[in-house]
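Dear colleague,

Please find the structure below, followed by a short account of what was found in it.

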Amino acid sequence: MIYLDNAATTWPKPPGVTEALVNFMQNVGGSPGRSGHRMAVEANRIVYDTREALATLFDMDDPLRIVFTANVTQALNLVLFGYLRPGDHVVTTSIEHNSVMRPLRYLQSLGVDLTVVPCSPEGVLDVADVEKAIQPHTVLLAINHASNVVGTIQPVADVGEIARRYDLLLLVDAAQTAGAYPIDMNQIDLLAFTGHKALFGPQGTGGLCIGERVDLDRVLPLTRGGTGSQSELEEQPDFLPDKYESGTANGVGIAGLGAGVRFVLEQGVENIRRHEQMLTERLLAGLQDIPGVHVYGTHDARRQTACVSFNIEGVEPSDVALRLDEEYAIMCRPGLHCAPSAHRTIGTYPRGTVRFGLSYFNSIEQIDAAIEAVHRIASKARVA
Amino acid sequence: MAETEYAVVLFHSTQGAIKAERVLLRVGFQVKLIPTPRQLSSDCGTALRCAWADVDAVCAVLREAKVEYDSVHKVIVKE
Ligand SMILES: Cc1ncc(COP(=O)(O)O)c(C=O)c1O
């Protein structure tokens with residue numbers, strides 16, 4: 001079996017992740033931040049240690065400025081609904097996932113002003129276009145770090161520089177990059193990440209990193225409730241992370257996420273990136289050589305993540321995916337990938353594409369097998 | 001009956017208490033996380049206990065590491 005659907009969720013996970021999940025269930029079990037007995041305290045330590053590992057990965061001073069959520073979607077919604085008010089202006093890009101686009105379209109219907117800056121058909125954002133879109137009432141730039149359709153990496157450092165110059169906040173959707181590509185919180189105000197992709201955590205984990213420039217009074221929590229702290233008060237605490245973390249945490253999931261992040265730190269993001277870039281280069285070259293195959297994006301492994309979209313002339317993406325699964329045991333994802341705007345940008349709406357999402361655990365042999373499978377499917381399509 | 005003097009440090013966030021424990025253990029202090037004593041706060045969370053003799057040094061380390069704490073109390077335990 002060859003798993004190439006890592007842009008949706010990574011598999012396999014490092015062995016330490018499963019061990020951490022089992023350890024939490026068998027030996028820890030307490031409620032993090034509730035009660036002071038040893039089992040609860042140990043659960044709380046595990047949650048803290050995951051925060052600390054993430055803070056190391058993203059170069060943050062204070063782990064308590066990381067808020068855990070169920071996934072990146074929830075982290076993005078927290079910022080968009082907590083921070084934007086009718087009359088505010090927000091700038092985003094045409095390459096966004098629906099986890100940014102849908103909340104923004106809804107907020108637009110409530111009176112938030114929205115500008116969607118178009119990216120090029122290769123999926124590249126021009127920073128000058130972002131700057132041109134800024135208006136006096138702009139308060140937020142919401143930018144995808146790397147496209148989940150074509151993998152194109154956006155110039156986050158340059159956008160962050162603009163955000164600071166115009167005194168705006170920069171929100172980055174790092175679903176596709178966290179763990180797989182270097183991220184520096186010093187360039188970003190709000191970093192939303194998901195745990196189950198390149199951070200190698202289990203599904204149902206994610207979070208938001210909150211930079212020092214963010215005025216917490218301006219960002220309302222989406223949920224209010226028990227935090228284990230200040231139980232005597234009927235009002236929500238105003239400090240981090242409790243302000244945005246009501247309800248019992250996903251302790252077991254966060255335990256697994258911690259193991260995933262520590263694996264990334266041990267391997268080194270640079271090494272992970274080097275391996276994935278090498279595989280991507282090989283895949284791009286192999287697919288581009290096949291007659292009848294069209295590859296999208298920049299065609300340059302240095303400018304994208306290990307996420308490659310393509311189409312075979314005369315075969316629908318869903319049929320390609322079905323044949324890859326049934327005849328070659330290759331898992332991938334066809335269609336629109338929850339990002340209709342991104343597909344409009346690259347010119348593949350409504351057909352969609354076939355997407356290969358690679359991971360650190362994929363090998364050269366697997367990539368060559370995938371190229372060969374696409375080759376065969378494309379040859380048959382030409383004969384037919 | 002022997003009496004021991006402890007300092008009990010209260011934090012806003014229970015995650016703050018863990019951060020304090022991690023930082024203090026790393027630099028070699030003997031500390032223990034305990035359920036927040038009812039006499040000090042009706043919070044249901046976790047507090048940090050250390051020897052009263054260490055209290056100034058402990059608070060200095062916490063300030064240095066930017067761990068925000070709520071208050072510090074002297075507690076005498078008869079053992
Ligand atoms: C760019 C991007 N944003 C957001 C998401 C949503 O992630 P999740 O479902 O973990 O919230 C994904 C992946 O599905 C993604 O690739």
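Helices H8(A) and H11(A) are roughly parallel to each other, a term for angles under 35 degrees. The model is predicted: local features need pLDDT of at least 70 and side-chain atom pairs pLDDT 80 or more, while totals for chains, interfaces and linings use all residues. Residues are numbered from 1 along each chain as its sequence is written, chains are lettered from A and ligands numbered from 1 in the order written, and side-chain values use heavy atoms, without hydrogens and water.

The axes of H8 (residues 269-288) of chain A and H11(A) cross at roughly 20 degrees and come within 10 Å; axes are lines fitted to C-alpha atoms over the stretch in contact, with angles from 0 to 180 degrees between N-to-C directions. Helices are DSSP runs (H or I, at least four residues) numbered from the N terminus. In H8(A), A:Met278 and A:Leu279 are among the residues that meet H11(A), where the partners include A:Ile367 and A:Asp368; contact means heavy atoms within 4.5 Å.

H9 (residues 317-328) of chain A packs against H11 (residues 364-383) of chain A at about 120 degrees, with the axes 11 Å apart.

Yours sincerely

Terms used:
Helix = DSSP H or I, 4+ residues; strand = E, 2+ residues; numbered from the N terminus. Parallel < 35°, antiparallel > 145°, perpendicular 65-115°, else oblique.
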